[in-house]
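Subject: Structure handover

Hello,

Here is the structure you are taking over. Please open it and keep it beside you while you read the notes below.

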Amino acid sequence: MNDVREVICGPRRRLPWWFLVGLGAAGASLAAVRGAYRGTFLDAWLSIGVLLALVGVLALGMVTTRVSADAYGVHCRTLLRRRSVPWGDITGLRILLKHEDNHRIPEVRRVGLVLRNGRRRLLPLPQCGLPDDRAEFDAVVNALHALHVRHGTPDSSHIPVISRRTAGSSASWALVLCALLLAGAGAAAWAVPDSTSYARAWQSAVPCAAGTGATERRDCLTTVSAVIAKAEVHRPKQSSWLYFADGRPLERLAVSREGAQGFRPDDGVEVTFWRDRVMKVSGAHHVWREHVSAAGEMAVLAAALALTAGYPAARVLLRLRGRRLPDGEVLPSALPFVGVLVGTALWLLPFCYRHPTDPFTSPATIAWAAGGSAATAGLFALAWRATRVRTPRAAAESTGKAGAAGEVFVAARFLEQTDYNPHFFGTHIVLGDGPPAVTPHSGPGRFAAKPIPVERLTVKGVRRLRGSDGDTVPGDWHIAELDDAGSPVRLAAAPDDLTRIIRELRPAAG
């Protein structure tokens, strides 16, 4: 790639895009003719024509997009504008991944530029959305990097791969989700006093006395006799309906599935009204009651929404904690904080249900809240320690003994296919009582083991996991970069296990 002089990227598979452009032109013609003929915008054919025209405009924008690079920089041309960025203003390239964790949607790869002023710009091309496009995408990225090395001053020879679990990715979605959940929690908490007063008013309501005026009848119970005409039973998540004969006292009433199943046609019932709502339907064999949300339920809803907001908040916290990490390095998982949220829910939700409005009126509730808060603080401290960023260190810098005698199987894997790791079959490395070897099992015994040629290996360095290392490696593992007789090889393992493996490799590797 050192002889690359120019890179030109256009959309692949142009024929489908041109077909959509033609379809959009036909839609625009249809909309113009229909609008002139009918003279109104409220027409189905006109709406279809406008929709096709919009699709055609989008397709035209895609088919006319072009990205090129030469000795002067990177040039982007779209339907509405042109833009050029000189190599001197670019500090590096990035590969951005989308849908990397969704197996139903193909993984999408795009290229971004990191500018010297700190801003980042996403290029419209090249894009990789299918496995067959990966080789061409990698070739274009390598060509862009070669031009950057020749005509610019990149900060690093490494092109980071940015995904949702790496440093350098945006946390805006997590902030928005956290804000929405907290807003919902605040609204639910605000409704707790109203729910309390509403439930108490319903429980204390009495039948209306004779001669009560129409205005006063709203706050007392009014009972009316009626006859069930029919009952429609729908699915559990849909409303079922009770229909009344002659449309009296109302035509129909939305009830639960169980409520509709309890009544039959021609059943005589009594319908109870309170505050202009039907609160109860009483029959000879079944009684349906309108559900009244208690204060405890609203308090539990508020607490549940607040706890749910804790997960995106934890994602934001981990990104802030790892803000000094290089782009592309994998951040610690937020799962330890999920344990904190689950542990908190075990004591907080029952507490909110039992004491929604007066949580600190007795020594028992104060002790309950204090003990739960202490447990949450302890779980948070453990999660904070579990998600700390461990700096890789070479085996020579570590302390401790080399290990006990006997065979020890260590979970580790080589990320390249080699003669001692054919078809990526290795999952463990066995140490002790013989040369290190790659095995497809965790022992005991060296069945199917492939000896590692330690005399060919040279340890180049140890680093944290990057997005380019794939999503099959646990996020808390480290990577040892090795040289296998001129070929780069990566070895992944947990930090302590990797240190132990490198000790076994260094004596022979020199």
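A helix here is a DSSP run of H or I with at least four residues, and helices are numbered from the N terminus. Thr 344 lies in one of these, helix α8, which covers residues 335-354. Please note that this is a predicted model.

Start with Thr 344. Its relative accessibility is 8%, so Thr 344 counts as buried, since buried means under 20%. Setting aside neighbours within four places in sequence, Thr 344 is in contact with Leu 307 and Thr 376.

**The open sheet**

Next, find the sheet. It is open and has 6 strands, in the order β11-β10-β9-β12-β13-β14. The pairing is antiparallel. β11 and β14 (287-289) are the edge strands, and each pairs on one side only. From one strand to the next, the twist averages 40 degrees.

Look at β10, residues 240-244. 5 of its 5 residues are buried, so the strand is largely enclosed by the rest of the structure. Both of its faces are covered. Ser 240, Leu 242 and Phe 244 are buried on one side. Trp 241 and Tyr 243 are buried on the other.

β10 has a partner in strand β9 (residues 222-232), with antiparallel pairing over 4 bridges. There, Lys 230 stands opposite Tyr 243 of β10. β10 is also joined to strand β11 (residues 252-255) by 4 bridges, again antiparallel. In β11, Tyr 243 has Arg 252 as its bridge partner.

Arg 252 has another feature to check. Its charged end sits over the ring of Trp 241, 3.7 Å from the ring centre.

Now go to β14. Strand β13 (residues 277-282) runs antiparallel to β14, and 3 bridges join them. Lys 280 stands opposite Arg 289 in β14.

**Aromatic rings**

How many aromatic pairs does a search of the whole structure find? The count is 7. One of them is Trp 202 with Trp 274. This pair is tilted, with 5.5 Å from centre to centre and 50 degrees between the planes. Trp 202 belongs to helix α5 (residues 192-204) and Trp 274 to strand β12 (residues 268-274), so the pair ties together parts that are 72 residues apart in sequence.

Is each of these two residues buried or partly exposed? Trp 202 has 22% relative accessibility and counts as partly exposed. Trp 274 has 1% and counts as buried. Ring pairs also bring in Tyr 198, which forms a cluster with Trp 202 and Trp 274.

Arg 321 lies over the face of Trp 384, at 3.8 Å from the ring centre.

**Nonpolar cores**

The largest nonpolar core has 26 residues. Which of them touch the most other members? They are Val 7 and Val 74. Elements giving two or more residues to this core include β1 (7-9), β3 (73-77) and α3 (134-151). The largest share, 6 residues, comes from α3.

Leaving aside neighbours within four places in sequence, its contacts include Val 67, Trp 87, Ile 90, Leu 113 and Leu 123.

There is also a second, separate core, with 20 residues. Among them are Val 454, Leu 457, Val 459 and Ala 493.

Best wishes

How values were computed:
Residues are numbered from 1 along each chain as its sequence is written. This is a predicted model: local features need pLDDT of at least 70, side-chain atom pairs count only at pLDDT 80 or more; totals for chains, interfaces and linings use all residues. Side-chain values use heavy atoms; hydrogens and water are left out. Buried means under 20% relative accessible area, exposed over 50%, partly exposed in between (1.4 Å probe, protein chains only). Contact means heavy atoms within 4.5 Å. Two strands pair if DSSP finds at least two bridges between them. A nonpolar core is a set of buried Ala, Val, Leu, Ile, Met, Phe, Trp, Tyr and Cys residues joined through side-chain atoms within 4.5 Å. Rings of Phe, Tyr and Trp (its six-membered ring) pair if their centres lie within 6.5 Å; planes under 30 degrees apart count as stacked, over 60 as edge-to-face and the rest as tilted. A charge sits over a ring if NZ of Lys or CZ of Arg is within 6 Å of the ring centre and within 35 degrees of the ring normal. Axes are lines fitted to C-alpha atoms, for helices over the stretch in contact, and angles run from 0 to 180 degrees between N-to-C directions.
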